[in-house]
Amino acid sequence: MSAAVEWRAVRRRFGTVTAVDEVSLVVQAGEFLTLLGPSGCGKTTLLRLAAGFETPEAGTIWLGGADVTHEPPFRRDVNQVFQSYALFPHLTVRDNIAFGLRRQGLPGAAVTARVREAVELVALQGCEARWPHELSGGQRQRVALARALAPRPAVLLLDEPLSALDARLRRTMQEELKRLQRQVGTTFVFVTHDQDEAMVLSDRIAVLQAGRLVQVGTGPELYRRPATAFVAEFLGLTNLLPAVRAGEGWRIDAAVTLASAAAGAAAPAWISVRPERVALAPAPPPGPNGFRVRVEETVFRGALEQLTVVTDGGTRLLVLRAGGCPAQPGQLFWAGVPPEEVVTVGA
Amino acid sequence: MRWLSSPRCFRFATGSWTALVLAFLHLPIVVLVAYSFNTSRLNVRWEGFTLRWYAEIWSSPVLLRAAVNSLVVAVLTAVISVVLGTLGAWLLHRHRFRGRRWLEALVGLPIAMPEIILGVSLLLLFSTLAVPLGHGTVVVAHVTFCFPFVLLTVRARLQGLDPALEEAALDLGATPLRAFWLVIAPALRPAITAGALLAFTLSLDEVIVTYFTASPGAATLPLRIFGLARVGLNPMLNALSTLFVGAAVLAVLLARDQRRTSSGPAGV
């Protein structure tokens, strides 16, 4: 595997705001990598640095092993799908898709063939002669994809391309994007603030916070072993508890001390326990990490039941479990957490 | 008094008020047009229909010359204003530089400046530089107050344009120049056409600035009409004015049409 895109110690400021701060990241060829973070975390700036719309104040940008830091966008072998789609309103679907091919100086017959190929790829047959304003949101999205893919770039950059679609269409387009990426084998760098979307689509996810890269890894890695409290909270629901080292375990409150499988630091830290990893039973569990809880509140969430429980020491915990016989407020349970599900995280 | 607040009565009242305002605005023009077809030399009594005054214009070399002058000046003014205005709008929109705000304010100044001051100052400039008055000086003078209109029209359109459009063009391999030509210019076309028609119309019926900057040979039609009117009213003037009103109405309608299409497909 070789690097398709690489940011090396890149920094970019806007006025007094540092949008991207000393970020180093490598995207492997053929990979689907997602830049994930809340708005203003620098993910879009990172993408624009790769496209060439921004120049870094420090650091370098590499594409396919070449330093392109000072190359203009029209000389970079990357294409972008814009959040607003940015379809050319005065050109038909066909001419929009052909735009990049014509700039490459391909002969007319080759352009026609490649446009047909791109149209088939995104299943837009029959729409070639339509104008952008005659298309639905989903169709515009497909045209934007076809237009960016037609010149066969080494890397496709996608800036929150699904954010303007409704939830159902979004699901469909997510599946389609994934299929498309496997089919063409192009490196995809995808920007989103939606952790669910990131999990569904990506081979790897890079989590950004306030311009800094916090953690890179596969979805399961980030979910099970978040490096910081921010990552733990950003990806899915979690119980983030301040903990103090107590012998072999971590003391949560006066009544509960949890053993953790991870060696962990000796310093005070946070521990993260996913709500679906807390088991509730009428009797004490066999292993370690068993403690008594009282149900405070229950919320019906369809397939799952969401409970807020309180330990004897007064700590509130969120618990998710498969719906079945619903629990009642005030009911007492024994809670059990396997030591490998007790994760220590940095601040 | 209940009938006063009935919708029918209200419609009647607003309708007649509108008619009155329109009559006040346009009745003089209607009278002017009507009398251009009057056989009488006097503008006070209707005697019969004739096209004589139009024929008289056609046989007057001075007026014909002036008409040609007007057209040449208006066309040149429109073309130069479009080039300057569009480029200016693009620079102001696209680039951030020191003094940009000042420049923007200055650009609008010729619109607000009294024409007489503009005329006098230009005459001063030309005589200081010893530039002989002629067609050239008239065109320069007209461009100074016409191109801001093009600039402002195009600027407004640019502000409504998705900045990602240019980036998409660059991203797909177009150089900045090609991106402007292939993507930005087509998107601006309605604004450019509207601005050009506006500049053309403004130049065509301008009197005061032209008065200061034209040589006798370069006098435009409005200047000649002004000269004739000082000697006395004459049905030939009515005929000339009718032609002018016709041209102006046509240009305004075309410009409005352009603005309408600009909010259509290209506005998506």
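**Figure 1. Phe53(A) and Phe82(A) are both buried.** Buried here means under 20% relative accessible area, with exposed over 50% and partly exposed in between (1.4 Å probe, protein chains only). The model is predicted: local features need pLDDT of at least 70 and side-chain atom pairs pLDDT 80 or more, whereas totals for chains, interfaces and linings use all residues. Residues are numbered from 1 along each chain as written, chains are lettered from A and ligands numbered from 1 in the order written, and side-chain values use heavy atoms, without hydrogens or water.

Figure 2. Rings of Phe, Tyr and Trp (its six-membered ring) pair when their centres lie within 6.5 Å; planes under 30 degrees apart are stacked, over 60 edge-to-face, and the rest tilted. The ring centres of Phe32(A) and Phe190(A) are 5.8 Å apart and the planes stand at 45°, so this pair is tilted. Because Phe32(A) belongs to strand E3 (residues 32-36) and Phe190(A) to strand E8 (residues 187-192) of chain A, the pair ties together parts 158 residues apart in sequence. Helices (H or I, at least four residues) and strands (E, at least two) are DSSP runs numbered from the N terminus. Phe32(A) and Phe190(A) are both buried. The pair of Phe53(A) and Phe82(A) is also tilted, because its centres are 6.0 Å apart and its planes at 35°. Phe53(A) sits in the loop between H1 and strand E4 (58-63), and Phe82(A) in the loop between E6 and H2 of chain A, 29 residues apart. One aromatic cluster is formed by Phe32(A), Phe188(A) and Phe190(A).

**Figure 3. Helix H1 (residues 43-51) of chain A is mostly covered.** Eight of the nine residues of H1 are buried, among them Leu46(A), Leu47(A), Arg48(A) and Leu49(A). After H1(A) comes Gly52(A), whose phi is positive, near 100°.

**Figure 4. The interface of chain A and chain B.** Chain A brings 22 residues to the contact and chain B brings 20 residues, where contact means heavy atoms within 4.5 Å. About 1,900 Å² is buried between the two chains, with 68% of this area given by carbon and sulfur atoms. Of the area that chain A buries against chain B, Phe74(A), Pro89(A) and Arg103(A) supply 31%, more than any other three residues. Such buried area is the accessible area (1.4 Å probe) that two parts lose on being put together, summed over both.

**Figure 5. One salt bridge spans the interface of chain A and chain B.** Arg48(A) is joined to Glu167(B) by this kind of bridge, and the closest N and O atoms are 2.7 Å apart. A salt bridge requires a side-chain nitrogen of Lys or Arg within 4 Å of a carboxyl oxygen of Asp or Glu. On the side of chain A that touches chain B, at least two residues each come from H1, strand E6 (78-81), helix H2 (93-103) and helix H4 (137-149).

**Figure 6. Gln215(A) lies in strand E10 (residues 212-217) of chain A.** With 15% relative accessibility, Gln215(A) counts as buried. Leaving aside neighbours within four places in sequence, Gln215(A) has contacts that include Ile205(A), Val207(A), Leu222(A) and Ala227(A). A polar atom of the Gln215(A) side chain lies 2.7 Å from the backbone nitrogen of Ala227(A). Across chain A as a whole, buried residues make up 51% of the 347 residues.

Methods:
Polar contact = N/O pair within 3.5 Å; in protein donor to acceptor, adjacent residues only side chain to side chain.
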